Amino acid sequence: MKIYKAENYDKLSERAASIIGAEVVSNPECVLGLATGSTPVGTYGYLKKWYHAGLLDFAGVRSMNLDDYKGLKPDNEQGYYYFMKQNLFQDINIKPENTHIPDSMETDSEKACSDYERTIEESGGVDLQLLGLGHNGHIGFNEPGEIFEKNCHCVTLAASTVEANKRFFERAEDVPSQAYTMGIGTIMRAKKILLLVSGKDKSGILNRVINGPVTPKVPASILQFHPDVTIIADKDALSEVD
Ligand code: F6R
């Protein structure tokens, strides 16, 4: 694992965007695995800025998002497609048909997940997967459990995740209880992984991800076994890492 300590969130974002930007420049038809949540927002900001400055071209880029809630319409403001449109897609020249996310409106979970896994496989696989880290060590919506899930699957969200996500919804009962997510295996098949972690509140879990045993109880700990992982974290998030 390569660990890069950023002075603050803005520097973290700039560094992450420079790694993603380098991928886009060196491989204009790359497949980017993308994440939602608050952590990558700054990174997307830099990508948009560099696109507008003429430094990046997304015309040939394809994207695969990590996850989405089950049952939210694509235009729902809390849905992850809406998030991606607002925070990145509408400001860059990525083609809408090249952007992929699990089909949140598909009620047949097995179909939604096997279709998405196939879409990723048929793209040739993810070249660079961007990840955020949940407070309980989750990546995508892979919650702590007894096994590492191999493929895309439907999950029932942990109470702590529903709690963390409820800030985005008007009422706690509006937070969906299930989601479709890439599996740990899907994530581990990405050629390169970029994990972004910001804030003191993630320092304990980040230490377990980097130095703790590899266990499905801390899903992100599996990244210790990936051959090409870069962690970019700010000082606060790294404050418990030796
Ligand atoms: C988002 C995702 C989640 C988040 C994680 C951290 O697509 O899959 O795993 O990356 O919950 O979220 P933030 O960045 O909001 O702390």
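Q: Which residues does N136 touch, leaving out those up to four places away in sequence?
A: N136 touches E143, P144, A158 and S160. Bear in mind that this is a predicted model.

Q: Where is N136 found?
A: In the loop between strand 6 (128-132) and strand 7 (153-156).

Q: Is N136 buried, partly exposed or exposed, and why?
A: N136 counts as partly exposed because it has 17 C-beta neighbours inside 10 Å, and a buried residue needs 20 or more.

Q: What does UniProt list for "active site"?
A: The unreviewed UniProt entry lists D67, N136, H138 and E143 under that heading.

Q: OK, D67 then. Where does D67 lie?
A: D67 is in strand 4, which covers residues 67-69. D67 counts as buried because 24 C-beta neighbours fall inside 10 Å.

Q: What does D67 touch, again not counting residues up to four places away?
A: Y80, P102, G140, F141, A179, Y180, T181 and M182.

Q: P102 next. Where is P102 found?
A: P102 sits in the loop between strand 5 (99-100) and helix 4 (109-122). P102 is buried, with 29 other C-beta atoms within 10 Å.

Q: And which residues is P102 in contact with, neighbours within four places aside?
A: D67, D68, A112, Y116, C152 and Y180. As for T119, 17 residues from P102 along the chain, the two C-alpha atoms are separated by 9.6 Å.

Q: What about the largest nonpolar core: which residues touch the most other members?
A: L133, L194, L195, L206 and A233, out of 65 residues in that core. Beyond four places in sequence, L206 is in contact with L133, V197, A233, A237, L238 and V241.

Q: Last topic, helix 1. How far apart are the end C-alpha atoms of helix 1?
A: They are 26 Å apart, which agrees with the 26 Å that the 18 residues of helix 1 (residues 9-26) should span at 1.5 Å a residue.

Q: Which residues of helix 1 are buried?
A: L12, S13, R15, A16, A17, I20 and V24.

Q: What do the buried residues of helix 1 pack against?
A: Strand 1 (2-6), strand 2 (31-34), helix 2 (41-52), strand 6, strand 9 (192-197) and strand 10 (229-234).

How values were computed
Residues are numbered from 1 along each chain as its sequence is written. This is a predicted model: local features need pLDDT of at least 70, side-chain atom pairs count only at pLDDT 80 or more; totals for chains, interfaces and linings use all residues. UniProt positions are given in the numbering used here, feature names are shortened, and annotations may be inferred rather than shown by experiment. Helices (H or I, at least four residues) and strands (E, at least two) are DSSP runs, numbered from the N terminus. A residue is buried if 20 or more other C-beta atoms lie within 10 Å of its own, exposed if 12 or fewer, and partly exposed in between; C-beta atoms are placed from the backbone. Two residues are in contact if their C-beta atoms, placed from the backbone, lie within 7 Å. A nonpolar core is a set of buried Ala, Val, Leu, Ile, Met, Phe, Trp, Tyr and Cys residues joined through C-beta atoms within 7 Å. The expected span of a helix is 1.5 Å times one less than its number of residues.
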